[in-house]
Structure formats: C-alpha cells, structure tokens
Amino acid sequence: MIDPAEFPELQALLWNRDVARLIPANEAFALYGRNWRFVDQTRLTTREKLLIQNLAREFGQVSF
C-alpha cells in the first residue's frame with residue numbers, strides 16, 4: 001500500500017480522492033500511467049522517482 005500524501009505528484013493526481021487513504025501499488029502505477037501528461041516532472045522528488053521506477057519494474061514498463 002502506498003501513502004499518496006508522501007508523494008507530491010501522486011497526490012496531485014488524486015485531486016478528486018481522499019489523499020489520506022492508502023492505495024494499492026498497482027492502482028498508483030495505473031494512475032501515473034493514465035495521467036502522466038499531468039505530472040510535473042520537475043517537481044518529482046528523488047523518492048517519488050524511485051517509487052515510479054520500482055512500480056514500473058514490478059508491473060511492467062509503460063511509455064510515460
């Protein structure tokens with residue numbers, strides 16, 4: 001489970017949801033994938049970049 005509140009860009013993607021609610025890793029990966037055009041890559045923290053890399057390794061590569 002991932003805490004969106006710990007990842008600024010993921011939190012921004014969840015604008016219409018409760019960011020205090022933990023989400024499954026596969027859901028986070030799907031959110032990044034579907035909404036990558038809205039991710040401000042200059043705002044990604046090192047920790048969030050590592051999260052995305054780990055999710056891609058676990059769930060498969062996508063062309064973000």
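Trainee: Why is Glu6 called partly exposed?

Mentor: In this predicted model, Glu6 has a relative accessibility of 39%.

Trainee: What makes the contact of Glu6 and Arg47 a salt bridge?

Mentor: Their side chains meet with an N to O distance of 2.7 Å. The cut-off is within 4 Å, between a side-chain nitrogen of Lys or Arg and a carboxyl oxygen of Asp or Glu, so the pair qualifies. Because Glu6 lies in the segment before helix H1 (8–13) and Arg47 in helix H3 (residues 46–59), the pair ties together parts that are 41 residues apart in sequence. Arg47, at 47% relative accessibility, is also partly exposed.

Trainee: How do you know that Arg17 forms a salt bridge with Glu27?

Mentor: The closest N and O atoms of Arg17 and Glu27 are 2.4 Å apart, and the limit is within 4 Å. This pair links distant parts of the chain, with Arg17 in the loop between H1 and helix H2 (25–35) and Glu27 in helix H2, ten residues apart.

Trainee: Why is Glu27 called partly exposed?

Mentor: Its relative accessible area is 24%, and buried requires under 20%, so Glu27 is classed as partly exposed.

Definitions and conventions: Residues numbered from 1 in each chain as written. Predicted model: local features only at pLDDT ≥ 70, side-chain atom pairs only at ≥ 80, totals over all residues. Heavy atoms only, no water. Helix = DSSP H or I, 4+ residues; strand = E, 2+ residues; numbered from the N terminus. Buried < 20%, exposed > 50% of the residue type's maximum accessible area, 1.4 Å probe, protein only.
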